[in-house]
Structure formats: structure tokens, C-alpha cells
Amino acid sequence: MSEVEGLKTYEVRTYGCQMNVHDSERLSGLLEGAGYVRAPEGSDGDADVVVFNTCAVRENADNKLYGNLGRLAPMKTKRPGMQIAVGGCLAQKDRDTIVQRAPWVDVVFGTHNIGKLPVLLERARIQEEAQVEIAESLEAFPSTLPTRRESAYAAWVSISVGCNNTCTFCIVPALRGKEKDRRPGDILAEVEALVAEGVSEITLLGQNVNAYGSDIGDREAFSKLLRACGKIEGLERVRFTSPHPRDFTDDVIAAMAETPNVMPQLHMPLQSGSDTILKAMRRSYRQERFLGIIEKVRAAIPHAAISTDIIVGFPGETEEDFEQTMHAVREARFANAFTFQYSKRPGTPAATMEGQIPKAVVQARYERLVALQEEISWEENKKQVGRTLEVMVAEGEGRKDGSTHRLSGRAPDNRLVHFTKPEQDVRPGDVVTVEITYAAPHHLLAEGPTGAVRRTRAGDAWEKRNAAPVQPAGVLLGLPKIGVPEPLPAATGGCSVV
């Protein structure tokens with residue numbers, strides 16, 4: 001039995017979107033609240049409990065899961081008492097199939113009842129048989145659960161779960177359910193609690209984040225929430241992801257422009273520039289509407305960095321349709337784009353549509369799109385050269401920082417900046433002032449001396465966390481621990497991407 005100082009260990013493996021990563025923080029918090037401690041780095045399955053938080057977006061998601069489960073089967077045989085749990089979207093979708101294909105799995109739970117994990121593990125241990133429990137609707141909003149956050153200075157705050165859209169390429173609404181909004185007071189209370197612990201940056205998270213309010217009957221609820229975040233003392237940076245063009249109204253743009261701590265950054269999924277393909281995708285906007293939003297945002301926030309998601313090779317996409325996407329990219333001039341080759345998502349309407357595009361055609365179009373976006377990203381980044389920016393120091397952002405004697409962090413618009421390490425001590429969460437001297441397509445360099453260094457409460461929180469001894473049990477129910485992960489992982493083209 002793998003134990004740390006006599007305590008049982010756990011490992012959570014996460015696949016898919018930012019919502020899954022956020023859910024995994026809850027799963028970690030639940031396990032720590034039940035007395036487990038995180039397995040050492042690089043344990044690779046050598047833990048008393050291994051949890052798979054799955055994604056159902058990719059066509060081969062199930063093969064990936066069963067391959068990983070298969071690799072754990074011999075280890076489980078050799079280690080009596082080891083337990084394996086499978087949760088997330090694939091568990092919600094496949095249910096009993098998982099135990100049939102991998103009978104050594106102890107627990108299967110869905111997207112609506114992640115809070116049941118410790119109980120199900122204990123029940124499986126006592127009854128010595130697999131426990132499969134899939135709820136059809138949300139049992140408790142995830143933010144009421146204990147949390148094991150990864151960062152001391154940046155946190156995600158979920159404002160809603162589920163989605164009311166019916167995009168033909170996305171299975172998320174079927175697995176996450178209809179949109180459910182949290183009460184504004186509960187959201188703001190969580191933000192205030194995080195700030196009190198030292199967090200200085202929060203990202204509001206939802207599968208369709210700017211549709212917030214539809215469930216509580218207030219169409220301007222999201223812009224009001226942004227403005228309310230602006231009044232929280234000590235909260236320096238507010239971001240949000242991912243919005244939908246349909247719900248992106250002028251009051252949101254005004255709130256972004258007029259609230260100083262809302263960052264000049266916007267991630268707005270385009271998916272396609274073709275009106276024909278957008279209709280087939282059941283996206284409720286057209287190219288003109290999308291570009292109109294971009295124009296309004298830039299008029300109100302001139303230095304805004306705008307990113308997007310694009311799917312290439314959707315069923316029925318012609319060369320003319322693809323050229324419309326290329327046109328939209330040229331017009332929008334995104335700072336960066338997450339581009340995806342369409343692949344069938346089992347259970348989605350698009351998977352059975354006629355006009356599936358040959359792989360070679362999709363690949364060729366994808367390469368053309370990537371080349372165009374790389375060119376635009378580089379040109380837009382070059383405009384940053386000579387600017388003086390406040391950069392929040394990050395942890396683990398610069399893979400070469402050790403060899404280059406640099407540190408890394410994020411500018412207000414979320415661009416990645418590598419800068420010369422100053423002589424004085426700088427901690428993740430602190431803020432430095434730098435002048436940009438060089439631009440690459442995906443990062444900026446500040447090669448000169450670092451200007452002002454501002455030590456922050458967030459840096460204090462990081463220092464305190466890293467100096468404190470590891471505590472076996474985690475958090476109080478409903479009160480988040482310090483921080484959440486680093487900047488959001490790349491979107492996955494379907495899950496949590498609208």
C-alpha cells in the first residue's frame with residue numbers, strides 16, 4: 001500500500017476542458033477531506049486511489065481511457081486495497097459499459113454527483129463490488145464542495161454549469177445538463193473569500209459564461225457581476241471564459257471597458273466563418289454579427305487581445321466555406337486561435353451528417369489556417385514591442401527559465417511574457433514592470449533590466465503555502481483553499497467551448 005507518513009494517497013488524472021480541470025480540484029478536495037494525501041509527483045498510478053476525470057469530446061476518448069485502465073489492472077492485482085474510480089463526461093455517457101469493459105474499476109460516477117466520490121469508494125470497499133451511480137441532474141453546485149486548489153495567486157470561480165445550446169458538434173449539454181446559475185451573492189462571497197486568502201486574479205468559468213442570468217431571469221446579470229467584481233478590494237485581475245457570440249451584449253462590453261480590474265482580454269469562439277457551416281453547426285450568429293462584436297470590443301478596449309476557437313473540416317464544408325473562415329480570421333486579427341480538425345464526437349448530430357470531409361482535405365486546410373494565424377499572431381505581438389507592461393509572475397510558465405535566467409508571467413491581456421530575472425527576490429503572484437523588446441508568435445520577451453517590482457499579498461500567499469508543511473486533511477466544506485491552477489488549458493473544440 002502506497003502511503004505518505006501512514007496516510008493513504010490519491011491521484012487524479014484529468015482529461016478535457018477547463019471545467020473538468022476545475023472539477024478535479026473538487027475531487028482532490030473531497031479526497032483530502034476524507035483523509036487522503038496527494039501521491040508524490042510522478043507516482044504514475046502508484047496510489048491507493050486513482051481517479052480518472054474523463055472527457056467524451058474526442059472520438060477516441062474511450063480508447064484512451066480503457067488503455068490507461070488496462071495499464072493499471074496488473075498493479076491493482078498486486079496491491080490489495082487499491083481502488084480505481086472513473087468520473088466525468090465519458091462516465092456520464094457510458095455508465096455500465098465501463099464496468100463491463102474494465103471490471104477491476106471500483107467506482108463510476110457522473111458529472112452531476114462528484115460529491116459522492118468518498119462515499120462510493122467506501123461503499124465499494126465494504127461491499128467488495130463496483131459502485132455505479134449516475135445522477136440525471138445536478139445534486140449540489142460544485143462550488144459548495146471542498147477544494148484542493150493548485151495556485152496560491154490565481155483562482156477559477158464557477159458561475160454556472162451546463163449549457164442550453166444545441167451545437168451539433170458538441171455533446172456537452174447532454175452530459176452536463178441545462179444551464180444552472182449560481183446566485184450572485186454566493187459567487188461574490190467565494191471571490192471575497194479567495195481574495196482574503198491572497199488570491200489576486202480570478203477567472204469566471206461557465207460553459208456559456210455570458211449567458212449567466214438566463215436561469216435566474218436577469219439578462220444583464222453577467223455585466224452586473226463583472227462590475228461587482230470591480231468593487232472587491234484586493235482583486236487585481238478578472239477574466240472569464242468562454243462566452244458565446246449570441247449572448248455577447250453591449251452591456252458586457254461596457255462593463256469590461258469601465259471596470260478597471262476586468263482585463264483587456266476576450267476569448268470568443270468563432271468555430272467557422274461560413275454562414276452555411278454556422279447554420280449546420282446550429283450556431284445562432286453569422287460572420288457579420290461576430291465581426292461586429294470584435295469591432296465594438298476594439299472600439300471600447302483598443303488594446304484588447306482577442307482569441308478564438310475554430311473547427312476545420314466540419315461536414316459539408318466546401319472550399320468556399322473554408323475561404324470564408326480564412327476571411328474572418330484576416331478581419332478579426334486574433335492574438336491567437338485554438339484550431340481543431342473536425343473529428344466525430346459520438347452521440348452528436350454532426351457525427352452522422354452527410355458530407356464528411358476526407359482526412360487529407362481537412363489536414364491541408366488546417367495547415368493553411370494555422371500558417372495564416374501564426375503570421376497574424378506574430379504581427380499582433382510585434383505591436384507590443386516598446387510597450388511597458390505590468391506582468392504578474394507565474395509559476396511553471398517558462399519551461400526554459402532555468403537555463404535562460406528569466407522568469408515568466410502574464411500581461412494584463414494574458415500574453416505570455418518572459419523577462420530578465422531581477423536581482424531582488426520575486427515570487428509567483430508578485431507584479432513586475434517590464435519593457436517588451438522582442439516578439440515571437442506565442443510569447444513576448446523583455447530582455448532589458450526589470451523595472452519596478454511590486455511584492456503582493458498574492459506573493460505572500462504563495463510563499464506561505466510553499467513554506468508550510470504538507471497537511472493531510474484539506475479544507476472546510478464550501479470554503480475554497482488558496483488559488484486554482486495556472487492559466488486555462490487550451491480549449492478542446494467542444495467541451496466548455498461555445
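Which residue in strand 18 is the bridge partner of Leu407? Please take me through that part in detail, and then on to the helices.

Author: Happy to! Please keep in mind that this is a predicted model. The protein chain has an average pLDDT of 87, and 90% of the residues score at least 70. Residues 471–497 have a pLDDT below 50, though in the model this stretch still has 107 contacts beyond near neighbours in sequence.

Now to your question: Leu407 has Phe419 of strand 18 as its bridge partner. The pairing belongs to an antiparallel arrangement, in which strand 17 (residues 406–410) is joined to strand 18 by 5 bridges. Together, strand 17 and strand 18 make a hairpin, with 5 residues between them. If you look into the turn, you will find Asn414 with a positive phi of about 80 degrees.

Strand 18 also pairs with strand 21 (residues 444–446), and here the two run parallel, joined by 3 bridges. How enclosed is strand 18? Of its 5 residues (416–420), 4 are buried, so the rest of the structure largely encloses this strand. As a general point, side chains in a regular strand alternate between the two faces of the sheet.

Let us move on to another strand. Thr339 lies in strand 15 (residues 336–341). Its relative accessible area is 16%, which is under the 20% cut-off, so Thr339 counts as buried. Leaving aside residues up to four places away in sequence, Thr339 touches Ile310, Tyr366, Leu369 and Val370.

One of those residues, Leu369, leads us to the helices. Helix 12 (residues 319–332) packs against helix 13 (residues 359–382) at an angle of about 10 degrees, and their axes are 10 Å apart. Because angles under 35 degrees count as roughly parallel, that is how helix 12 lies to helix 13. On the helix 12 side, the contact includes Phe322, Met326 and Val329, while helix 13 contributes residues including Leu369, Leu372 and Ile376. By class, this contact has 6 nonpolar, 1 polar and 5 charged residues.

Helix 12 also meets helix 11 (residues 287–300), with axes that come within 10 Å and cross at roughly 10 degrees. Helix 11 and helix 12 are therefore roughly parallel too. Here Gln287, Leu291, Ile294 and Arg298 of helix 11 meet Gln324, His327, Ala328, Glu331 and Ala332 of helix 12. Sorted by class, that contact has 4 nonpolar, 3 polar and 2 charged residues.

Definitions and conventions: Residues are numbered from 1 along each chain as its sequence is written. Side-chain values use heavy atoms; hydrogens and water are left out. Buried means under 20% relative accessible area, exposed over 50%, partly exposed in between (1.4 Å probe, protein chains only). Two strands pair if DSSP finds at least two bridges between them. Axes are lines fitted to C-alpha atoms, for helices over the stretch in contact, and angles run from 0 to 180 degrees between N-to-C directions. Angles under 35 degrees count as roughly parallel, over 145 as roughly antiparallel, 65 to 115 as roughly perpendicular and the rest as oblique. Contact means heavy atoms within 4.5 Å. Ala, Val, Leu, Ile, Met, Phe, Trp, Tyr, Cys and Pro count as nonpolar, Asp, Glu, Lys and Arg as charged, and the others, Gly among them, as polar. pLDDT is the predictor's confidence in each residue, from 0 to 100.
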